[in-house]
There are 2 protein chains.
Amino acid sequence: MGYTVAIAGATGAVGVEMIKVLEAHKFPIDELRLLASPRSAGKTMRYDGREITVQVLDEDSFTGVDYALFSAGSGITKQFAGACVKAGAVLIDNSSAFRMDDNVPLVVPEVNPDDAFGHQGIIANPNCTTIIMLTVLNPLHRAWGLQRIHAATYQAASGAGQAAMDELAEGTRAYLDGKPFTPQVLPYPYAFNMFAHNSPWMDDEGYCEEELKMRNESRKMLHDDALRVHSTCIRVPVLRTHAEALNVSFRDAPSLKQAYALLADAPGVRVHEDRAANRWPMPTDVSGGEEVVVGRIRVDPTLDNTLDMWVVGDQLLKGAALNAVQIAELLAAQQ
Amino acid sequence: MGYTVAIAGATGAVGVEMIKVLEAHKFPIDELRLLASPRSAGKTMRYDGREITVQVLDEDSFTGVDYALFSAGSGITKQFAGACVKAGAVLIDNSSAFRMDDNVPLVVPEVNPDDAFGHQGIIANPNCTTIIMLTVLNPLHRAWGLQRIHAATYQAASGAGQAAMDELAEGTRAYLDGKPFTPQVLPYPYAFNMFAHNSPWMDDEGYCEEELKMRNESRKMLHDDALRVHSTCIRVPVLRTHAEALNVSFRDAPSLKQAYALLADAPGVRVHEDRAANRWPMPTDVSGGEEVVVGRIRVDPTLDNTLDMWVVGDQLLKGAALNAVQIAELLAAQQ
C-alpha cells in the first residue's frame with residue numbers, strides 16, 4: 001500500500017530531480033501526480049518505467065494526495081497552499097514562502113527531524129546553501145556548541161533554475177566563439193565571471209536575502225536565536241554544485257581528530273580528501289550524488305575554538321529535491 | 001635619457017603584460033631586451049611600434065641593463081640572479097624565489113614603497129593574491145591596525161600561466177561539446193569546476209603554499225610578525241581575475257563610512273558598487289584594468305572590530321606585471 005504523491009513544478013530543474021530521487025529511493029507510490037503551469041501541461045515524463053502526463057496545477061490538484069512536494073516558487077506555493085492543506089496533503093515546500101513562519105517546521109532530516117512531526121500541514125525545505133552547511137555542521141554543533149559561522153560561498157547556476165544553467169552554458173559557448181551574448185535570466189554575464197548573489201539586497205542589514213536566509217534559517221533549525229552567522233554569497237560559473245568555505249567557532253574547544261571522526265559517522269556526509277596527494281572535494285566529486293562532501297578540515301590558529309572546512313554539495317539534490325523527499329520519508333516511516 | 005630594461009620570460013602571460021604596461025605607462029626606455037627560453041627565442045614581439053626579437057636568456061643577457069623584470073619561475077630566477085645583479089641591473093622578480101629572503105625587499109608600491117630603497121640588487125614582487133589584498137587593506141591598516149585577516153579566495157587560471165588559461169578554455173569547450181578532455185597543466189578538470197589551490201600542501205601547517213604566502217608575505221610587508229592571516233585558496237573557472245572575500249579585524253573600532261572614504265582616496269584602488277542596484281565588483285569590471293576594485297564593504301556584526309569586503313583584481317596586472325613595473329617606476333623616480 002503506497003502513497004499518492006504530487007510534485008508541483010515537476011518540469012523544473014528541482015522537479016525533475018524529485019522524480020529521480022523518488023524512483024531511486026523506491027518511495028512507496030501508488031500514484032505520482034505531476035503538476036506544472038499550463039505551459040508545461042500535456043508533456044510526458046518518465047517515472048519507474050511509465051509515462052506520466054503533466055497536469056495543470058490548480059485548486060483541485062490535491063484530492064487524495066498524501067505528500068505534495070512543491071518546487072514552484074514562493075508565489076505559486078502561497079497561491080495553492082490553502083487548497084493543498086485543505087485536501088489533507090502534507091505540503092513539503094522548497095520555496096522560501098513559509099520557511100520563517102512560526103507554524104511551519106523548517107527541516108533537514110539529519111539536523112532537526114523531530115521538528116517535522118509538529119507540522120500543521122506544511123513543512124519547509126530550507127535554502128540550499130543552509131541545508132548543505134548545516135548537514136555538515138550539525139554533528140560538530142552537538143559536540144562543541146556552535147557560536148559563530150563565517151561562510152564564503154561558491155554557488156552554482158542551478159540555484160536560479162534550469163534557465164540559468166542553460167544561460168551559463170550558452171553564454172560560455174558564445175564567449176569561446178567570440179560572439180555577443182546578452183544574459184536574460186541572471187543580471188550579469190556569467191561566462192568565466194562571478195558576482196555577488198543576485199537575491200535582493202537588504203541595505204539596513206548589510207546582507208543580501210540569500211545571506212540572511214543562511215543566518216535566519218540556521219537559527220530556526222538549531223533553535224538558537226543568538227547563533228552568529230555572517231556570510232558572503234557569490235555565484236561562480238559552476239552548473240549545479242555549491243561549495244562553501246566555512247570558518248566555524250564553538251563554545252568548547254574542538255578537536256581536529258574528533259571532527260574527522262564525527263563527520264566520518266555523520267548521516268548524509270562523506271569525508272573525501274587525500275592530504276598526502278593535496279586532493280580535496282570538488283564539484284565533479286559531488287554532482288549527481290546525494291551526500292554532502294567535506295574535507296580540508298583545519299584548525300584556524302587565528303581565532304579561538306575555531307575550525308575551518310570546505311563543504312561541497314549538489315544544489316539540486318541535498319540542496320533541494322533530495323531533502324524534500326527525505327522529509328516525506330521521515331513522515332512516512334512514522335505512519 | 002631612458003633606461004635599458006630586460007624582461008626575462010617575455011613570452012609568458014605575465015611577460016606579455018609587462019611589455020604592455022611599460023608601453024602604456026611610457027616608461028622611459030632606450031632599449032627593451034626581451035629574454036626567454038631557447039624554445040621562444042627568435043620570435044618577434046611588438047613594443048611601441050617596433051618589432052623586437054626575443055633573445056635567449058643567458059648569463060650574458062644583462063650587460064648594460066638597468067632594470068630586469070623577471071617572470072620566469074623560481075628556478076630560472078635563481079639560476080640567473082647572480083649574473084643579473086653582478087651586471088649591475090636591479091632584478092625585480094615576480095617569482096617566489098627570493099620573497100622571504102631577509103636581504104630582499106618585498107614591495108607593493110602603494111603599501112611599503114620605502115622598503116624598495118633598501119634593496120641589494122633584488123626586489124621581489126609579492127604573490128598575486130597578497131598584492132591584491134594588501135593594496136586594499138593597507139589604508140585601513142594605517143587607520144585602525146590590522147589584527148586578523150580571514151580570506152576566502154576565488155582565483156583565476158592565469159595564476160598558473162597562459163597554458164592554464166588555454167586549458168580552461170579548451171576544457172570548457174570540450175565539456176560543452178560532450179567530448180572527453182584530459183587536463184595536462186592543472187591537476188583536475190576545470191570546466192565548470194573548482195578546486196583547492198594546487199600549490200604544495202604543507203600538512204604540518206594546515207595550509208597550502210599559496211595560503212602560507214598570503215600570511216608570510218603580508219607579515220613581511222606590514223612589518224608585523226604577529227599579524228594573523230588565515231585563508232582558503234580556491235581556483236574557480238575564471239580566466240585572469242582574482243577575487244577575495246575578506247573578513248578583517250582591527251585593533252581599533254573601524255567605521256564603515258570612513259572605510260569607504262579611505263578607499264575612495266587610496267592609490268591603486270577603486271570603489272565600485274551600486275548598493276541600490278545590488279551591483280558589486282565582478283571580474284568583467286576589472287579584467288585588463290590596473291586598479292584593484294573593492295566594494296560590498298560591510299560591518300561584520302558577529303566579530304568585534306571587523307569589516308568584510310569583496311576585492312577583485314586583475315591577476316596578470318596588479319597581481320604581477322603592473323606591480324613589477326611600478327617598482328621600477330618607484331626606483332626610477334628617485335634617481
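A:Asp93 stands opposite A:Ala124 in E8(A). This is a predicted model: local features need pLDDT of at least 70, side-chain atom pairs count only at pLDDT 80 or more, and totals for chains, interfaces and linings use all residues. Residues are numbered from 1 along each chain as its sequence is written, while chains are lettered from A and ligands numbered from 1 in the order in which they are written.

Strand E7 (residues 90-93) of chain A pairs with E8(A) in the parallel sense, over three bridges. Helices (H or I, at least four residues) and strands (E, at least two) are DSSP runs, numbered from the N terminus. Two strands pair if DSSP finds at least two bridges between them.

Now the whole sheet. It is open and has six strands, in the order E5-E2-E1-E6-E7-E8 (chain A), with parallel pairing. Strand E5 (55-56) and strand E8 (122-124) of chain A are at the edges; each has a single partner strand, so one side of each lacks a neighbour in the sheet.

Two helices lie across these strands. Helix H1 (residues 13-24) of chain A lies across strand E1 (3-8), strand E2 (29-36) and strand E6 (67-70) of chain A, and runs at about 160° to E1(A). Helix H2 (residues 74-86) of chain A lies across E1, E6, E7 and E8 of chain A, at about 155° to E7(A). Axes are lines fitted to C-alpha atoms, for helices over the stretch in contact, and angles run from 0 to 180 degrees between N-to-C directions. Two residues are in contact if their C-beta atoms, placed from the backbone, lie within 7 Å.

Next, the domains. Chain A is assigned domain 1 (3-125 + 320-333) and domain 2 (130-315); the bounds come from an automatic or database domain assignment. Their C-alpha centres lie 25 Å apart. In chain A, 13 residues of domain 1 are in contact with 17 residues of domain 2. Helix H9 (residues 317-333) of chain A gives the most to the domain 1 side, with three residues.

The axes of helix H4 (residues 128-144) and helix H6 (residues 209-222) of chain A come within 10 Å and cross at roughly 40°. H4(A) and H6(A) are therefore oblique to each other. Angles under 35 degrees count as roughly parallel, over 145 as roughly antiparallel, 65 to 115 as roughly perpendicular and the rest as oblique.

Last, the chains. Their contact takes 44 residues from chain A and 44 residues from chain B. Elements giving two or more residues to the chain A side include helix H5 (162-176) and strand E14 (241-250).
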